[in-house]
Amino acid sequence: MSLKKTIKNLFTLTVSTLLTVSLISGCGFKLRGDYLLPEQLQTLYVSSPDPHGELTRLVKQHLAVNDVNIVKTADTNIPHLRIVKDGLSRRTLSLFENGQVAEYELTYSVSYEIIVAYDESQRFNFNVTRNYQDDPDRALAKSRELSLLRKEMRLEAADIILRNLASIEI
């Protein structure tokens, strides 16, 4: 293959790549996890009953990825994202013949509110639900699976909070 043909192929590839990128960005395509938050929420104060909890950490991480300035002290002029409570509950779905639990339904409940002004707030509640099959013969593997499932549920909860923030009309 000649140098002239190689340069021509490289030029064609570059032009087609630039064209594809401009078309994708021009239509408003965004990668998952990239939210367009209202301008009023570009600076936030975040609080929680457990400031070092996993959900609080994940929400702050998601906000930072979306270029939101998280302030360390509350101010009446800055919107406030307050995680009111989060908790995991489970209920039995099925039993083995010997009476041991075979399957649980895990429910991660989250309640939070956005306080925009002193007298203006919006409260949100939601649940993330998963089924979990327990097996006493594989206790170690199942405990690790349960831990991963809890982590995944918290990650989904943080995503839901950010999606709700992006859709809020202030």
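Reader: Let's start with α2: what covers its buried residues?

Author: Bear in mind that this is a predicted model. The cover over the buried residues of α2 includes β1, β2 (69-71), β3, β4 and α3.

Reader: And which residues of α2 are the buried ones?

Author: They are Leu55, Thr56, Leu58, Val59, His62 and Leu63. Seen down the axis of α2, these buried residues fall within an arc of 165°, so they line one face of the helix.

Reader: How does the span of α2 fit with 1.5 Å a residue?

Author: For the 12 residues of α2 a span of 16 Å should result, and because its end C-alpha atoms are 16 Å apart, the two values agree.

Reader: Then tell me about α3: how many residues does it have, and how far does it reach?

Author: α3 has 29 residues, and from its first C-alpha to its last it reaches 42 Å, which is close to the 42 Å expected at 1.5 Å a residue. Its buried residues are Lys142, Leu146, Leu149, Met153, Ala157, Ala158, Asp159, Ile160, Ile161, Leu162 and Leu165, and the buried residues of α3 pack against β1, α2, β3, β4 and β5.

Reader: Changing topic, in what order do the strands sit in the sheet?

Author: Five strands form an open sheet in the order β2-β1-β3-β4-β5, and the pairing is mixed. The edge strands are β2 and β5, each of which pairs on one side only. On average, neighbouring strands of this sheet are turned by 30° against each other, with direction ignored.

Reader: Where do the two helices touch that sheet?

Author: α2 packs on the sheet and touches β1, β2, β3 and β4, with its direction making about 125° with that of β3. α3 packs on the sheet as well, touching β1, β3, β4 and β5, and its direction makes about 155° with that of β5.

Reader: How many bridges join β4 to β5, and do they run parallel or antiparallel?

Author: There are 14 bridges joining β4 to β5, and these strands run antiparallel. Within this pairing, Glu103 stands opposite Gln133 in β5, while the bridge partner of Ile114 is Gln122, also in β5.

Reader: And what joins β3 to β4?

Author: β3 and β4 are joined by 14 bridges and run antiparallel, with Lys85 standing opposite Ser111 in β4. The two strands form a hairpin with five residues between them, and in the turn Gly99 has a positive phi of about 95°.

Reader: Is β4 largely enclosed or open, and why?

Author: It is largely enclosed by the rest of the structure, because 14 of the 17 residues of β4 are buried, where buried means under 20% relative accessible area.

Reader: One more: which residue other than glycine has a positive phi?

Author: One of them is Asp67, whose phi is near 60°. Most residues other than glycine have a negative phi. Asp67 is found in the loop between α2 and β2, and because its relative accessible area is 65%, Asp67 is exposed.

How values were computed:
Residues are numbered from 1 along each chain as its sequence is written. This is a predicted model: local features need pLDDT of at least 70, side-chain atom pairs count only at pLDDT 80 or more; totals for chains, interfaces and linings use all residues. Side-chain values use heavy atoms; hydrogens and water are left out. Helices (H or I, at least four residues) and strands (E, at least two) are DSSP runs, numbered from the N terminus. The expected span of a helix is 1.5 Å times one less than its number of residues. Buried means under 20% relative accessible area, exposed over 50%, partly exposed in between (1.4 Å probe, protein chains only). The arc is that of the directions from the helix axis to the C-beta atoms. Contact means heavy atoms within 4.5 Å. Two strands pair if DSSP finds at least two bridges between them. Axes are lines fitted to C-alpha atoms, for helices over the stretch in contact, and angles run from 0 to 180 degrees between N-to-C directions.
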